[in-house]
Amino acid sequence: MMFFRRHVQKTIPINNSTPSSSIPLSLDTSNIAEDERESAAENELSTTPTALSPIEKTTIFSNETDSQTTTTSTIEHLAVKHPGLLRLFDSTVCTVSIIISYLFSSKEPIVQQFLGRKLFDYPQEELDFYLPQLINMYIHIQSISTVIHEYITTRCSQSVDFSLQCAWLLDAYIADQMKVAKPNAAVRLLFDILYEKYKPKITYNPTTINNSSNNHHRLDEDENENVNNQEDEMKAERALSQDNLMLQISRKKGHQKSRSDVSGLMLTRNKRSLPIMNGEASKQHRRQPKLCLGDLNSGRAFDNNCMCFENVNGFRRRECTCNAPKLAPVREFMTALINIGKKLPHVPTKEKKTQNLIGEMKRMNMNLPARVWIPFYKFPHHVVRIAYTESTVLNSRDRAPYIVYIEIVLCDNIFASPLPIKQNDSKLRSTRSEENLTHHINNHQIPSTSGMIGSYLNCETQSLDSELIDSYRSFVNSEDADIWSTSDDVTGDDAQLPHQSVPRRNGLIGYRSNHAMNINPETQSIRSTESHLSQQEIMPSDIRKRLTEVKTTGPILFERDPDDPSAAALKEPWDKKEQRIRSASPYGHLRNWRLVAAIVKCGDDLRHELLAYQFMVRLKEIWLCEHVPVFVRPINILVLSNNSGLIEPILNAVSLHQIKKNSKLSLRNYFLREFGTERSEQFLTSVRNFVQSCAAYSIICYLLQVKDRHNGNILLDDEGHVIHIDFGYMLSATPKNLGFESSPFKITQEFVDIMGGLQSDMYGYYKILILQGLLAARKHMDKLMPIVEIMQHGSQLNCFSKGNVTLGLRERFHLNMTDEQLEFNVEKMVESSLNSLTTRVYDTFQYYTNGISK
Amino acid sequence: MSADSNTGNKSFWPVKTAFKEKIVVLYDALLSGDQPWLENGHYWDDFFLLKVNAKYLLEELDRNYVEKPAILKPQLNAIFDQCLVFVNSAHRIRQLNAYYTICVLIHAVSRVNQRNGFGHPALDFLCGSEGVENKFETLVESVNHTFLIDDSLSGSTLLKNAAFDVILTCCTTMLNINENMLMDYMMANANLFDSITQLIIRSPASHGYDICLLLALLLQYHKYDTSNTYIVRFSVFDDEVALTSLAQVIGSSLCEYNKAYDIERTANESSSWWSSLTTFVGSAIQSTGGNRRMKKVDDCLLLAFYEAVHLNRNFISALTHTATNSWGTKSPTSSDILPPSLPAMATPATLMTQEQTDFSDMDDFSGSNNLLSVFLEYCSIIQQFSKNEDMCNTTKLCYLILLCITEDEFANATMHDENVIFSVYLHKAPMRHRKQNNEKNSPSRPLAVALLDLTMEFIWSHMMRNFPYDLYTKCIGIIQRILSFQKRTRTRLSYSWRPLWNALITLLKFLQNCESQLAKHRDLFQLASKIINIFNLFITFGDTFLRTPEAYDEVFYETVRCYHIFDNLFAFACRYANNDNEFKESALKLMVNLTNIKLITHHFNTKIEAISNNQNNPLTENQVLEIIRNNYDTLALKLHDDLDQYDIYSEKATEASFLANITRNIIGNYRRQYSLDTNSTVQLSSILLNEVPTIS
């Protein structure tokens with residue numbers, strides 16, 4: 001009984017929103033940071049068992065009533081039969097990893113039952129990591145599916161995100177099985193989730209701070225206000241501009257402002273369509289607009305019509321009561337992305353592909369903002385816009401994976417927080433060029449602020465806090481004289497520099513249109529439309545000199561290349577890109593605005609990648625805890641089906657192939673060009689980074705037998721780290737099964753050159769790191785093996801197709817070797833890799849077949 | 001309806017009169033002054049069940065109007081009132097016929113009143129003096145309601161077409177739209193705006209043309225004097241979906257035209273270009289099927305386009321919207337219940353069909369187009385024929401649109417965006433001295449490049465006796481706007497400027513050569529000043545928008561190479577500046593603007609001469625460039641202020657009469673082609689008949 005009681009008490013916080021993780025704030029406002037800390041504090045609070053939300057109680061009660069007897073009996077049985085196991089499971093050393101691996105390996109129903117129950121005790125994030133394993137077991141092992149069914153369904157009914165993840169994974173892993181037999185339970189579960197039998201409950205408690213079920217960042221209590229203000233202002237503005245002149249309509253409009261945001265537009269549009277018979281307007285009543293999920297031409301493809309959280313006369317519902325489909329919006333969003341990816345390969349040229357992509361993205365944009373989110377970014381957010389002109393097709397021979405840059409706005413609660421109002425693209429940049437000129441005049445001297453004001457005033461008509469505007473206006477007035485005086489020595493480029501260092505003020509930095517900052521001061525002194533000569537002289541030699549400087553200064557930016565449109569896009573530093581997009585975006589002024597990116601891939605099985613991701617995450621943890629200073633960057637994967645999915649892009653990284661092609665330098669020279677001279681601090685750091693990451697990936701490539709390591713699949717980031725991508729060929733799978741690349745991992749003379757040659761310290765360090773890394777991995781091998789083992793079960797993946805994969809993997813840990821032997825072995829592996837003929841042959845092969853530089 | 005046609009039907013049956021349609025009998029009775037509805041309670045029910053014979057009714061009305069207006073008036077009023085009743089009928093055939101009857105009535109009255117304007121007397125004659133306002137409000141409301149009928153209702157398209165007939169008839173009662181009193185009622189009922197914007201989202205394919213025409217007309221009414229509700233509403237309209245639809249309607253008909261032209265052109269490759277023009281125009285006027293009234297790219301579409309770019313800043317973002325599967329408005333797969341899409345679960349058969357439907361889009365997909373790129377191609381076609389006065393007007397409208405676009409910051413940014421690239425094929429007028437290139441697949445480039453090429457092509461192809469001064473001013477204005485955008489934003493477009501400079505220089509030369517013909521009427525100096533200013537922009541601000549230092553050298557090279565043209569121009573200006581004439585001032589200004597170029601040509605020419613005298617061979621281009629590069633240091637130029645300032649396009653000041661004229665032409669065109677297709681009654685009844693089994 002004792003166990004049981006503890007079981008009740010130790011409830012995990014059940015969050016309906018996505019679990020909180022730290023938000024990567026690229027621009028840190030003190031405000032947000034504070035809020036975050038606050039929310040962290042909340043989290044701690046929430047783990048205390050005193051505060052229980054009603055839902056939790058119900059779930060617990062249901063547990064109690066349904067299975068009280070069975071639970072107790074299970075535990076008693078277990079206590080009798082396997083006292084040691086029970087002690088292990090109850091001890092503090094028992095981790096999720098252990099639970100999962102025992103769940104898989106144990107054949108005894110009692111143990112399985114106990115573990116199925118035990119799952120409830122662990123933090124959700126930790127278990128979410130093993131979701132692919134759980135799902136795979138659910139599909140393939142009937143006895144396990146029965147014991148974890150309850151856990152999965154309970155979680156599904158708590159969180160939309162979890163439901164979505166389950167649905168996607170089930171979909172992906174059932175696919176193989178379908179050829180062989182029908183796994184009824186899994187299919188049923190999938191359909192149940194999709195038809196929302198376990199309808200995720202959505203609640204929203206804006207005020208209760210110590211409510212454990214609320215896990216949001218409270219970063220936007222005031223932000224909400226902000227949005228609301230905006231909303232009102234917007235409405236007021238509209239009322240002014242339109243209704244004034246159209247009394248008739250405004251009369252009808254007046255009393256139904258209930259549906260806010262974007263949907264407000266929809267409603268008004270719809271409302272107008274009410275039948276008007278015999279010249280007498282029939283009664284206006286609130287009607288839901290037609291549901292057009294998935295129809296991109298409708299403008300509301302991702303709108304599920306849920307209006308439960310609308311602010312009605314200041315009153316807000318706490319819970320979603322409508323029957324609107326909860327999973328559909330995000331699923332439709334993903335489907336739309338995937339469908340585009342499916343069409344693209346049929347478009348003839350790269351250029352046309354990108355063109356079409358941009359067109360399609362623009363069409364998507366018509367349906368945004370919407371209550372959709374990108375599932376692998378764990379902070380709650382709404383997608384507000386796709387920076388469509390930035391999206392580009394990536395290098396790939398036949399498939400057309402592409403990268404999209406998505407503008408999001410952080411929010412409190414995805415379902416309850418108000419969406420930003422739809423803004424038109426052309427809003428931010430003013431229409432008539434002349435309008436800007438007035439703002440341009442005050443641009444120099446205090447370029448940062450005046451530039452901001454310049455563009456700020458342009459969209460003054462567009463919502464935004466009137467307060468802010470006022471404050472800026474007064475600011476302008478107070479320093480009037482300075483602003484309006486002219487000086488000629490500030491060039492536009494100089495003006496940018498202080499700008500970037502200005503602390504982020506009221507969240508407005510970067511919120512200035514491009515042109516405002518790029519003003520040539522020479523033109524601004526006199527205003528008249530007649531051109532006439534001034535007394536000033538200019539020297540053409542200066543002009544030409546400036547022109548030459550533009551060409552040669554600054555880091556290498558890749559030229560646009562129609563055959564490789566992504567190179568230029570990926571090379572652009574992320575913060576620059578973000579700032580540029582922000583300034584061009586109509587939503588850029590929102591404080592919570594962020595830019596995220598995603599690679600959409602169709603036609604490739606991403607389940608390998610997911611496996612590699614899990615493996616790398618574990619390895620990273622192991623190395624961290626063993627203090628091995630190597631660098632690995634696991635790439636987050638969202639598997640949407642067995643042949644499509646989303647990949648998290650590596651920011652600020654380009655492939656070695658692109659580097660070589662565009663810079664026409666050897667890698668070492670490229671390092672020197674990018675990071676400075678041989679003795680410079682930055683160069684040395686970057687080389688160290690290079691070595692640390694090389695070591696990590698050497699180990700990973702060796703352990704997982706990752707193949708297809710040509711230069712297009714190896715990235716280099718802006719700090720010198722090497723990052724491997726594309727784990728489509730690993731374990732037993734090789735490209736076309738040709739058996740090239742027989743070396744343990746890829747290390748070429750060029751890499752060694754970066755390290756400083758075979759005699760250098762760095763090269764030695766590299767080998768030491770490999771040894772340390774391998775030792776650490778070997779020590780924690782039991783955390784790594786289950787990940788692969790479980791996924792192999794019943795799998796049709798081609799990485800498990802040949803031989804005993806797990807046995808091979810186990811052997812590569814070299815359990816039987818002493819440390820010295822292992823050291824010798826590492827030495828040997830590096831040696832053979834470096835001198836490997838096959839690596840060179842493979843690079844040559846890739847060069848000739850795919851044009852990827854050697 | 002027993003016998004259908006009755007003309008010259010010589011039957012052996014002894015009949016006194018020829019067979020008449022029943023409706024014709026009814027018309028005759030009505031027009032002669034009978035009041036049969038007093039006896040027969042169902043009279044109107046029957047009346048509106050019969051297919052309207054528009055031709056006959058129109059003729060009779062015309063005749064009666066002249067012969068016995070006194071009798072006609074009350075009858076007309078009665079019919080009109082009844083029409084209004086049946087327009088709101090739930091019976092679709094009666095509704096349709098009522099619409100048609102109203103059309104005929106209004107049209108007939110407007111025809112005879114053309115001279116006096118469609119004012120109170122005409123209205124009075126049509127519907128009596130009392131409650132005119134209410135009546136028309138009812139009419140507009142019911143038209144409005146018809147527009148919003150759900151598409152699923154069978155025959156809805158026919159009804160909507162009829163409703164459009166009514167509303168367009170109302171809008172076109174007068175050639176001068178400002179004299180049209182009926183427009184007041186449209187203005188009062190701004191609901192119409194909501195319904196047509198709704199409609200353009202729902203069924204752009206079937207009603208797109210009508211919507212554009214209606215919108216264009218509504219926006220023209222009293223443009224400058226009173227506040228036109230539609231202008232106000234349209235300029236703040238921000239529904240992206242509707243605007244995109246509008247752009248697609250315009251874009252697709254332009255695209256259709258381009259394709260038709262292309263086919264025609266390739267067919268007539270061998271024959272002379274003039275004959276190809278004539279046959280083309282001829283064939284373009286013949287219907288191309290598809291759209292109901294779509295015969296050629298009507299000016300009304302361009303006018304709607306113009307108003308959209310001129311009034312609505314939100315429309316700009318729709319300009320580059322790629323129409324991938326234009327009309328394939330796929331019905332949403334999900335109704336109220338959500339059928340989860342499961343790729344894994346789907347049987348192979350359904351997968352196959354899915355694939356197929358995906359491929360059906362592919363046609364459009366590979367030839368993806370956006371309004372702006374299609375429009376640029378269209379301009380390149382139209383400007384070839386600007387000798388023709390009608391075409392010249394169209395060209396002017398096109399250039400006005402381009403002018404508005406280049407004044408817009410966002411549009412400029414889009415056109416210069418290196419990510420937004422399109423392959424635009426520009427047609428070139430065949431000229432003796434250059435080769436025809438027929439390569440259709442030009443590389444994709446930013447749209448600004450295509451626009452610059454278009455203006456360059458215009459400059460080259462229009463140096464003719466009948467000099468289109470106005471168009472040239474607009475064309476140069478467009479170039480200036482693009483350049484000043486680039487300068488302002490430091491956008492470095494990858495474009496080889498040399499051909500453009502050459503075109504401009506040649507134009508300057510042409511202006512001098514044709515002085516005798518042109519200078520009498522036009523201020524050539526003003527145009528020349530604008531051209532020189534473009535050079536000045538390159539010379540003094542090249543560092544802000546040129547891509548390479550070499551390009552900057554080339555500016556100097558070209559000016560130095562053609563120094564005599566500039567010299568002559570200077571002399572030409574001198575002549576006018578020194579004696580008293582109307583162009584004195586602008587000639588003086590031109591001389592001032594030429595200062596820098598004079599300095600440059602003088603500076604470098606002395607250097608070049610000095611070197612070339614030392615050697616026998618003439619200098620090569622590279623040698624000259626070398627000289628230029630080496631001698632920058634000793635050259636100082638004057639700074640021109642406000643080179644990138646231009647007068648903002650203002651419609652009222654300059655183009656009001658032109659647009660009024662265009663409107664007039666559009667209305668005239670509509671009236672000329674006026675024909676009611678009353679056969680849709682038959683279609684509708686057959687549709688309804690087919691429906692019966694499903695109901696029961």
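Tutor: We may begin with burial: a residue counts as buried when its relative accessible area is under 20%. The model shown is a predicted one. In chain A, buried residues make up 61% of the 854 residues.

Student: Is A:Lys118 buried or exposed?

Tutor: A:Lys118 has a relative accessible area of 8%, which is under the 20% limit, so this lysine is buried. A:Lys118 belongs to helix H6 (residues 109-118) of chain A. Leaving aside residues up to four places away in sequence, A:Lys118 touches A:Phe89, A:Asp90 and A:Ile99.

Student: How is the length of a helix checked, taking H22 of chain B as the case?

Tutor: The expected span is 1.5 Å times one less than the number of residues. Helix H22 (residues 447-461) of chain B has 15 residues and should therefore span 21 Å; its end C-alpha atoms are 21 Å apart, which agrees. Of the 15 residues of H22(B), 14 are buried, so this helix is largely enclosed by the rest of the structure.

Student: How many aromatic pairs does the structure hold, and how is the geometry of one pair read?

Tutor: Over all chains there are 54 aromatic pairs. One of them joins B:Phe556 and B:Tyr632, with 5.2 Å from centre to centre and 85° between the planes. Planes over 60 degrees apart count as edge-to-face, so this pair is edge-to-face. The pair links distant parts of the chain, 76 residues apart: B:Phe556 lies in helix H27 (residues 549-561) of chain B, and B:Tyr632 in the loop between helix H31 (621-630) and strand S5 (637-641) of chain B. B:Phe556 is buried at 0% relative accessibility, and B:Tyr632 is buried at 2%.

Student: Where do charged groups lie over rings?

Tutor: A:Arg618 lies over the face of A:Phe129, 4.3 Å from the ring centre. In chain B, the charged end of B:Lys598 sits over the ring of B:Phe570, at 4.5 Å from its centre.

Definitions and conventions: Residues are numbered from 1 along each chain as its sequence is written. Chains are lettered from A and ligands numbered from 1 in the order in which they are written. This is a predicted model: local features need pLDDT of at least 70, side-chain atom pairs count only at pLDDT 80 or more; totals for chains, interfaces and linings use all residues. Side-chain values use heavy atoms; hydrogens and water are left out. Helices (H or I, at least four residues) and strands (E, at least two) are DSSP runs, numbered from the N terminus. Buried means under 20% relative accessible area, exposed over 50%, partly exposed in between (1.4 Å probe, protein chains only). Contact means heavy atoms within 4.5 Å. Rings of Phe, Tyr and Trp (its six-membered ring) pair if their centres lie within 6.5 Å; planes under 30 degrees apart count as stacked, over 60 as edge-to-face and the rest as tilted. A charge sits over a ring if NZ of Lys or CZ of Arg is within 6 Å of the ring centre and within 35 degrees of the ring normal.
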